2 protein chains.
Amino acid sequence: MRIKDVAREAGVSIATVSHVINNTRFVSDETRARVMSAIERCHYYPNANARSLASGRSRTLGLLISDISNPFFPELVKSIETAAFERGYDVVLSNTNYDAARTSNYVRRIIERKVAGVALMTSELDSSLIAELARRHVSVVFLDLGSTGVRMSNLCVDYAVGIDEAIRHLVALGHKRIAFIGGPKRLRSAAKRFEAFRESVVRHLPSAPPPTVYEGDFKLEGGQRAACEILAEEELPTAVMAANDMMALGALRELHTAGLRVPEDISIVGFDDIAFAALAHPPLTTVCLPRAELGRHAVEALMASIEHPEQQGIEIEIPTYLVVRESTASVRRTDGREFKPTRDAKREAHGDEQQPQQRR
Amino acid sequence: MRIKDVAREAGVSIATVSHVINNTRFVSDETRARVMSAIERCHYYPNANARSLASGRSRTLGLLISDISNPFFPELVKSIETAAFERGYDVVLSNTNYDAARTSNYVRRIIERKVAGVALMTSELDSSLIAELARRHVSVVFLDLGSTGVRMSNLCVDYAVGIDEAIRHLVALGHKRIAFIGGPKRLRSAAKRFEAFRESVVRHLPSAPPPTVYEGDFKLEGGQRAACEILAEEELPTAVMAANDMMALGALRELHTAGLRVPEDISIVGFDDIAFAALAHPPLTTVCLPRAELGRHAVEALMASIEHPEQQGIEIEIPTYLVVRESTASVRRTDGREFKPTRDAKREAHGDEQQPQQRR
DNA sequence: AATAAATCTGCCAACGAAGGCACAGAGACA
DNA sequence: TGTCTCTGTGCCTTCGTTGGCAGATTTATT
């Protein structure tokens, strides 16, 4: 069942069969029809490995993330996979598991496979690996990793818009003391989130005392620990913003077991809008990092740089936005009555509230 | 940077280089060392496509699931990917998205790629596709799809053990009226879960009235709808078991908004033990389907059938087990006092309570 | 009718590595 | 010294496509 058999069956040359399959040069309708029917009759499936060898590229995209079981990733992976599928590309998934050795091993495999492009979203990548990918002419798109000097595509998450929306939302609800639970400082994404928070608070609460900041680990436990610290403060904040939803959820749990009611006693805002967020109790107000969109853009950027290797280095900004749910509410005034929210606080955020599905 | 260059650099033949790389025939230590250093000096990365073409097999595993964003899958994918990585295989991920056309497209691609093996866990697979895979000599392992007649490996989830544990747990807590929220009847896995439930109830509550059964959709909404129906009953059950966690979570939410306290007023048991389960409020008692184990076994079975194509058709049972959290408690007696639980109810389940992580 | 310009198709050399076949050289043994 | 058996390597075909080059046929042009 090789192309040769199809050619014989159709009474044409191998080249012609190849060209009708790939649409790579004109073939008359009549010949094309003969070839098609021969392909059908032979149950011919082209050998992808032979094609890749001959053409030098495989119709494959690499996807290098840290851990698919981190609830941030599945949606991203799905959208990338879907976009790739539509373009005839397959996706090979690689979890670095936060392990540098493993990561470099993956990079090697990606190169050996002549993968057409890679989407990267893991901090385990040092510059030598990136240089290696560049040297081997693998198209690369960084997802929120900050530009790395190399002329490669880069999708940049705009943390500021969403976080600013969140702060405005809180301020409109009367909050003035807003604590922040950040991620590990060494991580770029954590730094960017914090910076956006800080600037926004300065802008909207210029006269308020500077917010207290706790360093978390982007995990549930970090949120819980931070919440404990918060609870130990003399004066509690009226709202807490966490740099990601897992920590927000951790804080939520901890504050709850401490007897505080959310949002009546304290408001919580998360970041990412993972599937859990909508299912939490109460459903979490959070800033959505639109991962499906990120994935789509990633594949588009990859395709562009595969097809036009000369014009590398696209930069795209992915905006974030607030999704208001039930973990935020008006701050209670010292006289026990509720703060009267301004109109801004009631405005609906444009989040599309999808519930995660379950079915097999 | 082809093997030819390495051969010249090392002063040996192409064949020798190939053989040191693949460890496929004896090479003297001295020659081997020369080759290794030449490989190093040349920064030689073997071309995976050429290797696959020449050998007829690519070191790739296919993974065909319905939807990675379904919280059931990420852990499974991770364990498969990890096990494959350790054996030098890459994983190409395919989401069928519950779409038959897409699925058959994927099967075609899998064949074209000369993938060494595929793990299947999606119901969008008709027998003609399976036959096609068999004809093209692709090793296949079914994950909980029921034996399909074909002589292929099959990992079978043993629902009965875990569900029986759950029912014993509930009965020990004094529950006698246990409702069941099932999955879509057409799905094999849903049928198996229900059957296990039914048998267990008959065994442990022989004199009780037959439990009421609600048909759900394996999604949050299905659980909510079922809970509504339950709330409309004249006599409420004291416990609800759902065929998966998403429905259990949906029911939990609905019962909660209806003013019922879980577990004080009604107990809930889920199935799967997805990451959400431990984060719910209250944390969900559920039957764990150990997906990491399932994934490991899948890869092992695949490797076995790749290396010994003659002895196909391995069958393995994956046990399930109860994880007791806080959504189940003693039933309240009609006199208002608590039912005194038997010792069985307090026994710790052997679940390893891992929190999902978040970090990038 | 001769010629030029399109159309359409075939031939064949890559692509990079695997693996069967064969052979040189070293040591064993007579 | 001749023969036999290992050991360790090299040569060369093969894997199934792609794509450059050129050839054959048809159609437009003068």
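**A sheet, a chain pair and a DNA strand**

In this predicted model, chain B holds an open sheet of six strands in the order β7-β6-β8-β9-β10-β12, with mixed pairing. Strands here are DSSP runs of E of at least two residues, helices are runs of H or I of at least four, and both are numbered from the N terminus; two strands pair if DSSP finds at least two bridges between them. At the edges sit β7 (213-215) and β12 (321-323) of chain B, each pairing on one side only. Strand β10 (residues 285-288) of chain B runs antiparallel to β12(B), joined by three bridges, and Cys288(B) stands opposite Tyr321(B) in β12(B).

As for sources, the model is predicted, so local features need pLDDT of at least 70 and side-chain atom pairs pLDDT 80 or more, while totals for chains, interfaces and linings use all residues. Residues are numbered from 1 along each chain as its sequence is written, with chains lettered from A and ligands numbered from 1 in the order in which they are written.

Chains A and B meet through 55 residues from chain A and 55 residues from chain B, where contact means C-beta atoms, placed from the backbone, within 7 Å. On the chain A side, α5(A) gives the most, with six residues. Strand β2(A) also pairs with β2 (residues 90-95) of chain B, antiparallel over three bridges; there, Leu93(A) has Val91(B) as its bridge partner.

Then there's DNA strand C, with 28 residues around it, of which Ala15(A), Thr31(A), Ile3(B), Ser18(B) and Ala54(B) come nearest. Being near takes a C-beta atom, placed from the backbone, within 6 Å.

Methods:
Two residues are in contact if their C-beta atoms, placed from the backbone, lie within 7 Å.
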